[in-house]
Structure formats: structure tokens, C-alpha cells
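Colleague: I would like to go through the terms used for this model and see what stands behind each of them.

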Amino acid sequence: MSNEMWSYVPTAGHSPDSDLTGYKVEAADGHIGKVDKHSNEVADQYIVVDTGVWIFGKEVLLPAGTVTAVDNEERRILVSLTKEQIKNAPEFDKEKHLGDPAYRDQLGGYYGGSGH
């Protein structure tokens, strides 16, 4: 699995000291939620998105490589995934999955299989 998935693409406009908490998140086909948590650790960068009522309060972890743009002025993040891809992503439980290499591999397989 490529570690590039766990780093922001250089053109995304993300800076390592950015606090993305509370930013709105937009999928390729519309709004999906807001950032609840994020990591800026090198080779382990991601955002956790609280989808709210959209998929019944589910939280999803999106690798930083799925982020196409960070708009600091609008406090908005654009991702390359569709709502359907995000809805079908492996379930995220912050109590069990943060720092779990097996979960990270599962996500890598899922997002890697969807062209990322």
C-alpha cells in the first residue's frame, strides 16, 4: 500500500500547522459533513468527518490523499470521493481505530481500490 495516500497532495493548499477542525467537507457530488478531528503527522495525515444526519451520525476517516483542496478563507475542504464512496467506507470508531495498523490497512485497501 502506498503511503502517498496518507499525505496531502502538494497542490491541495494544506499547511502542516493548519487546524482544520470545524471545516466543512465537500465530496465530488456535494456536502458530506464537517471535520471533527485531523492529523498532521508525516505519513499519517487524515481527516475524521462527522457526517451528521446525512448517514445517521456516522464518522468516517478520510486519508489526506483524498483531499483535493483546502479553502482556508471559506473553511472548506474538497475531497475527490463521491458521497456513495464515503457512505460505503469502512466504519470508523475513534475508540478502536485510531492508531490501529489493521484498520489503516483496511482503509488503504478500500480507498486504494477506488482509484486513490
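Colleague: Which residues have the most contacts inside the largest nonpolar core?

Modeller: I47, L62, I77 and V79 have the most contacts inside that core, which has 29 residues. A nonpolar core here is a set of buried Ala, Val, Leu, Ile, Met, Phe, Trp, Tyr and Cys residues joined through side-chain atoms within 4.5 Å. The elements giving two or more residues to this core are β1 (24-27), β2, β3, β4 (59-63), β5 (67-71), β6 (76-79) and α3. β3 gives the most, with four residues. This is a predicted model, where local features need pLDDT of at least 70 and side-chain atom pairs count only at pLDDT 80 or more, while totals for chains, interfaces and linings use all residues. Residues are numbered from 1 along each chain as its sequence is written, and side-chain values use heavy atoms, with hydrogens and water left out.

Colleague: What is L62 in contact with, leaving aside its neighbours within four places in sequence?

Modeller: With that exclusion, L62 is in contact with I32, Y46, I47, V49, V79, L81, I86 and Y111. Contact means heavy atoms within 4.5 Å.

Colleague: Why is V49 called buried?

Modeller: The relative accessible area of V49 is 0%. Buried means under 20%, exposed over 50% and partly exposed in between, with a 1.4 Å probe and protein chains only, so V49 is buried. V49 lies in strand β3 (residues 44-50); strands are DSSP runs of E of at least two residues, helices are runs of H or I of at least four, and both are numbered from the N terminus. Leaving aside neighbours within four places in sequence, V49 is in contact with V25, I32, G33, K34, K58, E59, V60 and L62. The C-alpha atoms of V49 and I32 are separated by 8.0 Å, with the two residues 17 apart along the chain.

Colleague: Why is R104 also called buried, at what relative accessible area?

Modeller: R104 has a relative accessible area of 19%. The cut-off is under 20%, so R104 counts as buried. R104 lies in helix α3.

Colleague: What makes the link between R104 and D44 a polar contact?

Modeller: The side chains of R104 and D44 are joined at 2.9 Å. A polar contact is a pair of N or O atoms within 3.5 Å; within protein, one must be able to donate a hydrogen and the other to accept it, and residues adjacent in sequence count only if both atoms are side-chain atoms. The 2.9 Å pair therefore falls within the 3.5 Å limit.
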